[in-house]
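Please walk through this model with me, from the whole chain down to single residues. Keep the viewer open as you read.

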Amino acid sequence: MRTQIVHPGADNLRYEIRQIVEVARAIETTGAAIRWENIGDPVAKGERVPDWIKEIVTQAAGEDLSFAYSPTKGLDETRAYIAHERNLEGGIQITPDDILFFNGLGDAISTIYGALHPKARVIGPNPAYPTHSSAEAAHAGAPHITYRLDPENGWKPDLADLEAKVIGNPDIAAIIIINPDNPTGFVYPEETLAAIVDIAARHDLFIISDEIYSNLAYLGSGMRKLASVVGKVPAIAMRGISKEFPWPGSRCGWIEIYNRDQDQNFDRFARSLLEAKMLEVCATTLPQKVLPRVMGDERYYPYLETRVSAYDRRAQRAVEVLGGLPELIIHPARGAFYMTAVFREGALALDQSLPMAPQVEAIIGPYLGDALDARFVYHLLGNTGICVVPLSTGFNSDLEGFRFTLLEPDEQKFEAILQHLRGALAAYLASGAQARPLGVELAAAG
């Protein structure tokens, strides 16, 4: 081309959660069975959408207006329902005009970072959800800035690290919270949320709180939405139905904008999001029509409680099975349906490996780079067919580990996945020149 056409941040766009699928699909052609623990799609994993939700969707699809445009902000009755629901929680009070619908939160994330001033930076958690971290890095044309979630402290944020980076980088304009967190399953305690709000207030920042899993927080987790503690700090909360109903194919998400009247600059930014949406016209109508009918049904929250209790049970079992490996740090998820295991420093080495068929070894060979946790993940895939995601390359982290899902609805299959994972971990960690004394662990793993 006669002129450069690639955005300078394009190389920062990476989504290994799906990228590893290409490798797994190639392995599948050899006849190997793949166990998909890499992506958070409950429906693809086998969770059944209740018949009563399907009936509501079918009824709405039979209405002619479900085929029409919605208003740019979203259907009036749906935004009114969401505002009423939020206001019942007793925190900040919002109106339907504070809500803006998007075609999934991926659309919202792209719009938010695309609307930011080129110099404005947003600091997010480490490990980082790649849709946020990649979009922010691509917007800035520079590596994403992160604050540390501490695996030695149950994944609580290192607030001193967060504030030091805010002070040290005057271009930081906002803080990202993902609550419940993806990839760790951590739920931010109320006092931690309040402390982050305080940091934002003292340094004149706004907050982005991704709460896509907020209604999938476990009993006793202490989950609180940002709206309950945000005070007068400008903020954007992000919600959606893809994980809740679950209906990931609906691509239906929305943002709730708080305290735009507290800062003229933030108010102008909020208006720019609406203007960007006007260029797109609107978000998809059908899922918006369905939302208040499903969430307002008396069966909805008991249905969610059943799902959440299953995730909680699997999370506890994962710690029981994997927690005995001394090279791992692992905490039970308290929300969402993911867990993360971290390797202790020095546990991994370049010469560790797992046996696999020669044709499978040829497939994974080109992907075995220098990232030690990614090497484990690809060996795990080649040896067992279990597909998980490495922390370092998949979640923009300096930690070495992997994320797996809690979505397998068949409890016997989930138990088998855990046992195969434990056995593969023990064998991998005991391999290589720096063999670890894991003979007992390997024998226990079967």
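Predicted model: local features only at pLDDT ≥ 70, side-chain atom pairs only at ≥ 80, totals over all residues.

Residues are numbered from 1 along each chain as its sequence is written, and side-chain values use heavy atoms, with hydrogens and water left out.

Start with the whole chain. Its secondary structure comprises 16 helices and 14 strands. These are DSSP runs numbered from the N terminus: helices are H or I with at least four residues, strands are E with at least two. The radius of gyration is 22 Å, close to the 22 Å that the globule rule gives for 446 residues, so the chain is as compact as a globular protein of that length. That radius is taken over C-alpha atoms, and the rule is 2.2 Å times the number of residues to the power 0.38. The C-alpha trace spans about 60 × 55 × 55 Å along its principal axes.

Next, burial and surface. Of the 446 residues, 56% are buried. Buried means under 20% relative accessible area, exposed means over 50%, and partly exposed lies in between (1.4 Å probe, protein chains only). The chain has an accessible surface of about 18300 Å², and carbon and sulfur atoms hold 53% of that surface. Areas come from the Shrake-Rupley method with a 1.4 Å probe; for residues, only the protein chains shown count as cover. Now take contacts, meaning heavy atoms within 4.5 Å. Among those between residues at least 6 apart in sequence, 72% join residues at least 24 apart.

Where is empty space left? Rolling a probe the size of a water molecule over the atoms shows this. A search of the whole structure finds one cavity of 30 Å³ or more. On a 1 Å grid over the protein atoms alone, a cavity is a set of points where a 1.4 Å probe fits but cannot get out; lining residues have an atom within 4 Å of a point. Points are joined across faces, edges and corners, and the volume is the space filled by probe spheres set on them. The largest cavity holds about 30 Å³.

Which residues line the largest cavity? They are Glu37, Ile386, Val388, Phe404, Thr405, Phe414, Ile417 and Leu421. Helix 15 (411-429) gives the largest share, three residues. Strand 14 (401-405) and helix 15 each supply at least two. By class, the lining has six nonpolar, one polar and one charged residues. Here Ala, Val, Leu, Ile, Met, Phe, Trp, Tyr, Cys and Pro count as nonpolar, Asp, Glu, Lys and Arg as charged, and the others, Gly among them, as polar.

Now the backbone. Most residues other than glycine have a negative phi, and most peptide bonds are trans. The bond joining Asn126 and Pro127 is cis, with omega about 10°. Pro127 sits in the loop between strand 3 (121-126) and helix 6 (130-140). Phe245 to Pro246 is also a cis peptide bond, with omega near -5°.

Pro246 lies in the loop between strand 8 (235-240) and strand 9 (253-258). Arg251 is in the loop between strand 8 and strand 9 too. Its phi is positive, near 50°. Arg251 is partly exposed, at 38% relative accessibility. Asn396 has a positive phi of about 50°. Look for Asn396 in the loop between helix 14 (391-394) and strand 14.

Technical notes:
1 Å grid on protein atoms, 1.4 Å probe; cavity = no way out; pocket = protein on both sides within 12 Å on 5 of 7 lines; lining within 4 Å.
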